[in-house]
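Me: I'd like to go through this structure with you, one topic at a time. Please keep the cut-offs in view as we go.

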Amino acid sequence: MNLNLNFKSALVCGSSAGIGKASAMELASLGTSVTLVARNEEKLKGVLSQLPTGDGQRHDYIVADFSNPEALKEKIEAATKDKVFHILLNNTGGPKGGPLFSADTEEFTKAFSQHLVCNQILVQAVVPGMKKVGYGRIINIISTSVKQPIEGLGVSNTIRGAVANWSKTLASELGGFGITVNNVLPGFTATDRLDNIVGNAAKKHDKTEEEAAEFMKSLVPAARFAQPEETAYAVAFLASEAASYINGINLPVDGGRTKSL
């Protein structure tokens, strides 16, 4: 397989930690020049210093907060003015947990803006360049909830489903230009987000965090949590030439936990 990404450029969102950081590292290891995007500049500088440069890549970063779509739009449009991004990884922290019925309507508005609206802004900025060079990979980190809703994540289940349908529609519209649009659906992955979920589960069921974590692992055929790098491998494959005929899919990386096909 041709997994070489030399001379490619990637815009990687949420790349100061977790799956976003792991994906940036993996893409850079395959030759990509990476532009990191997150809101914490100090963390971005730390990740930037760790990115491989053995193939002559030039990495940089953009400080942007997805709670401010207009500011994001301004910064991304400036970044794409004289640069083509061949790869876009849409990735941002999920909405807070809780039952769907008791969620305030503002939670939906905020989550829709941070996830779908910001994704749309990023796509509209990078796609003209992708069309020009005839190569594009738009990869969205979503959740297995688009296949099987997750208890206690009502707003997230709702918004993630909207993003999945947005992505599938884009895949049909952009496929003829050499651009693919795919979703990666992480399962239980060892990130700060999972720590919060484990903590909430422990409180809800009057268990220790260790007990809650072990129960969650028991739901996974692989009997463990994933490492962020394992999701990053899927991202890197979908970004490569080898995945040129894979378009419009939802790819679970969950150790077999999702029960639906």
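Me: Let me start with A223: buried, partly exposed or exposed?

Reply: A223 is exposed, at a relative accessible area of 53%, where exposed stands for over 50%, buried for under 20% and partly exposed for what falls in between (1.4 Å probe, protein chains only). Before going further, please keep in mind that this is a predicted model, in which local features need pLDDT of at least 70 and side-chain atom pairs count only at pLDDT 80 or more, while totals for chains, interfaces and linings use all residues. Residues are numbered from 1 along each chain as its sequence is written, and side-chain values use heavy atoms, with hydrogens and water left out.

Me: OK, and where does A223 sit, and what is its phi?

Reply: A223 belongs to the loop between α7 and α8, with helices (H or I, at least four residues) and strands (E, at least two) taken as DSSP runs numbered from the N terminus. Its phi is near 60°, which is a positive value in a residue other than glycine.

Me: Which other non-glycine residue has a positive phi?

Reply: D206 has one, of about 55°, although it is not a glycine. D206 is found in the loop between α6 and α7 (209-218), and it is exposed, with a relative accessible area of 71%.

Me: Switching topic: how is the chain divided into domains?

Reply: There is a domain 1 (9-189 + 227-253) and a domain 2 (191-225), with bounds that come from an automatic or database domain assignment. Their C-alpha centres are 25 Å apart.

Me: How much area is buried between domain 1 and domain 2?

Reply: About 880 Å² is buried between domain 1 and domain 2, and carbon and sulfur atoms give 53% of that; buried area here is the accessible area (1.4 Å probe) that two parts lose on being put together, summed over both. On the domain 1 side, F188, T189 and E230 lose the most area to domain 2, together 58% of what that side buries. In terms of contact, meaning heavy atoms within 4.5 Å, 13 residues of domain 1 meet 8 residues of domain 2.

Me: How many salt bridges and polar contacts cross that interface?

Reply: The rule finds 2 salt bridges across the interface, a salt bridge being a side-chain nitrogen of Lys or Arg within 4 Å of a carboxyl oxygen of Asp or Glu. It also finds 5 residue pairs in polar contact there, both residues being at pLDDT 80 or more. A polar contact is a pair of N or O atoms within 3.5 Å; within protein, one must be able to donate a hydrogen and the other to accept it, and residues adjacent in sequence count only if both atoms are side-chain atoms. As for the elements involved, α1 (18-29) and α8 (228-239) each supply at least two residues of the domain 1 side that touches domain 2.

Me: E230 came up above; which residue does its side chain meet in a salt bridge?

Reply: The partner is R224, at 2.8 Å from N to O. E230 is partly exposed at 26% relative accessibility, and R224 is likewise partly exposed, at 41%.

Me: How many salt bridges are there in the whole structure?

Reply: The search finds 5. Among them, K83 and D60 pair through their side chains at 4.0 Å, N to O; because K83 lies in the loop between α3 and β4 while D60 is in strand β3 (residues 60-63), the pair ties together parts 23 residues apart in sequence. Another joins K204 and E151 at 3.2 Å, N to O, linking helix α6 (residues 192-204), which holds K204, to the loop between β5 (136-141) and α5 (154-174), which holds E151, over 53 residues.

Me: Last topic: how many disulfides does the search find?

Reply: It finds 0 disulfides in the whole structure, where a disulfide is a pair of cysteine sulfur atoms within 2.5 Å. For C13, the nearest cysteine sulfur is that of C118, 8.8 Å away. C13 counts as buried at 0% relative accessibility, and C118 also counts as buried, at 0%.
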